[in-house]
Amino acid sequence: MQKQQQESVFKNFTFLHFLLLLFLIMVILSFLSPMLQTAQISYSTFLREIQEDNVKELNIRGDRIEGVLETEIEDNGRVFTQFVTFVPAMGDEDLMPLLKEKGIEVHTQPERSPFFWYLILSTLPLLLIAGLIFSQYRRMQGGGGGGMFGIGKSQAKKYDRGKQRTIFEDVAGAEDAKEELMEVVDYLKDPGKIRDVGGKVPRGMMLVGPPGTGKTLLARAVAGEAGVSFFSITGSDFMEMFVGVGAKRVRSLFQEAKQGAPSIIFIDEIDAIGRRRGAGVGGGHDEREQTLNQLLSELDGFESHEDVVVMTATNRPDILDPALTRPGRFDRRIMVDLPTVKDRVKILKIHCRNKQLDSDVDLELLARETPGFSGADLENLLNEAALLAAREQRRKVRRQDIELARDKILLGLKRHGLALTPEEKRMVAYHEAGHAVVGALLPNADPVYKVSIIPRSQSMGVTQQFPDKEKYIYNREYLMDKLAVMMGGRCAELLIFSTVTSGAGNDLQHATKMARSMVLEWGMSDEFEHMAPGGSGQEIVLGQELGKSREYSELTARKIDQAVETILKKAYERAMETLTENRKALEELVQALLDHDEVSGDQVYAIVRGEAGGIKDDPS
Ligand code: ADP
Ligand code: MG
Ligand code: ZN
């Protein structure tokens, strides 16, 4: 965060700031430079020096007298030949005769600042105001070029053919999406071909998927592959404080694209303007609706010979206005999902291209250990690891760097200053060991990867589990074991200390949420077997907030609460049973945690299997 802020400070350093800085320096200099060589002396000293014939030259401006001495004198420990003094306010009638008598050369000037200063001081406010207005206009235009008064210009960044260097090869995985997009590429390369055979021109594509999965990247790759002009704009760029500007921008964007055809218009994050109309609370958002209406009419307004493909991306397709996704508009939905294990390996390889990896880094293993990571997450992970390596002046990234980086991303920074009392530390150790022992013993739970009681920004300790392979469907057994693992922390506290702590709050929230889903959506409770009382769970758009509609009665609500409770209770009992039966393993793991702060999954399994003693001293 710190670093980003600094960067943006420099980015905003404009011509205007430069002017201000220059002005400041000039003011300081002009005050300093005479002060360095010139000493201020008393009027009496001045008169004495004249009497002693030591004054060579005088420069009188108003009541200020500057002068040069024949030989240097000392005053207050400073030696100087230039001095300044002031005529007393009541005047000194004897001064001029004295000067005449001594034959001193006297220059006089009117009491006014020099012309230079006059000019600066009178024009500077004007200059500043002009600069301010200018920079305001530039900001409106997204820092790009354009004229001073082009508020309604499209703002789209244009990437010309040839300059665009992203290609499909830069996007790992996402094979299905690429295949569909290949059709667009083929069309743009030779627009006549599809039209000759009477095929439908692929016009509106919508890339849909979670954040960081490479939607923006894919869109650029299409332009790169086809070698056509690419007009890229983000939904929020249309929004401006003036009503009507967004609509005007849409119009000029489409105009530009048509002039540059064949071309691609890419509207990123379209949800910013494409939200369902008329759903806003407290009156609609006029500006946004106008912009959206303009966009819709532009989409309809293509002539059949205009070779412009419009692509868009969003991670919230559910809140889009249905008019946007209607046939003829963004009717082709291309899913870009989170990468699978295999894709993660490929993505890691792409982002390792410019980094040196030590031989102990196994990308395949790393891919398996990063379930749920998006492409952007993986890129971030490798960058963090490289930073860690750089901090230690190493050129190669080690496995340990990557592990640390992942912990930092997943768990937050270590909190060094935090001092737990030994008793608190023991509590945390039992809590985490409770999770770990249950996780290691239950047959359907995800394998335990690591247990740690190092305090971090988000928790006092953590038990990491990673699935051995990716799961898309969860069965009841898996979910029940998962719930039991979540309960393991609290159970251990109860078992050992006969009390409960606030440390389990997070576990309980998650467990409750999951149990509710089991009852409401997945029909996994005994009361509502094969039934999803949560209904379709249709989302109501409330401005930006999302609420869920409830489609059941009070009585059913009570039954649902009971069903959730039953599930949680079962999970709790299962965890308690496991821990009571394996208390020895629990104690051993706690001891290992207190000794080492961190215990690997292998060691946890060794302990629960009774093969302990396998814990050697931490090499680090
Ligand atoms: P989105 O638009 O889906 O939120 P981006 O396209 O902006 O995601 O992806 C952010 C960054 O993550 C990209 O610039 C790229 O470096 C990396 N990335 C994401 N997905 C992939 C992928 N499939 N292959 C390679 N890099 C990826
Ligand atoms: Mg994006
Ligand atoms: Zn816990």
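How many residues has helix α20, and how far does the helix reach from its first C-alpha to its last? The views below, drawn from a predicted model, begin with this helix.

**View 1. Helix α20 from end to end.** Helix α20 spans residues 554-581, which amounts to 28 residues. From first C-alpha to last it reaches 41 Å, close to the 40 Å expected at 1.5 Å a residue.

**View 2. The buried residues of α20 and the helices around them.** Buried positions in α20 include Thr556, Ala557, Ile560, Ala563, Val564, Ile567 and Leu568. Further along the helix, Ala571, Ala575, Met576, Thr578 and Leu579 are buried as well. An α-helix has 3.6 residues a turn, so residues three or four places apart point the same way. The partners against which the buried residues of α20 pack are α17 (422-441), α18 (476-497), α19 (505-520) and α21 (583-596).

**View 3. The zinc ion (ligand 3) and its protein donors.** Three residues supply the protein donors of the zinc ion (ligand 3): His431 and His435, each through NE2, and Asp507 through OD.

**View 4. The largest nonpolar core.** The largest nonpolar core comprises 56 residues. Within this core, the residues with the most contacts are Leu483, Leu579, Leu586, Leu589, Leu593 and Val604. At least two core residues come from each of α17, β14 (448-452), α18, α19, α20, α21 and α22 (601-608). Helix α18 gives the most, with 13 residues. In soluble globular proteins, nonpolar side chains tend to be buried together.

View 5. Residues up to four places away in sequence being left out, Leu589 touches Ala433, Ala436, Val437, Val599, Val604 and Ile607.

View 6. Cys352 is buried, with a relative accessible area of 9%. Cys491 likewise counts as buried, at 0% relative accessibility. The structure holds 0 disulfides.

Notes: Residues are numbered from 1 along each chain as its sequence is written. Chains are lettered from A and ligands numbered from 1 in the order in which they are written. This is a predicted model: local features need pLDDT of at least 70, side-chain atom pairs count only at pLDDT 80 or more; totals for chains, interfaces and linings use all residues. Side-chain values use heavy atoms; hydrogens and water are left out. Helices (H or I, at least four residues) and strands (E, at least two) are DSSP runs, numbered from the N terminus. The expected span of a helix is 1.5 Å times one less than its number of residues. Buried means under 20% relative accessible area, exposed over 50%, partly exposed in between (1.4 Å probe, protein chains only). Contact means heavy atoms within 4.5 Å. Donors are N, O and S atoms within 2.8 Å of the metal (3.2 Å for Na, K and Ca); water is not among the atoms, so sites may look incomplete. A nonpolar core is a set of buried Ala, Val, Leu, Ile, Met, Phe, Trp, Tyr and Cys residues joined through side-chain atoms within 4.5 Å. A disulfide is a pair of cysteine sulfur atoms within 2.5 Å.
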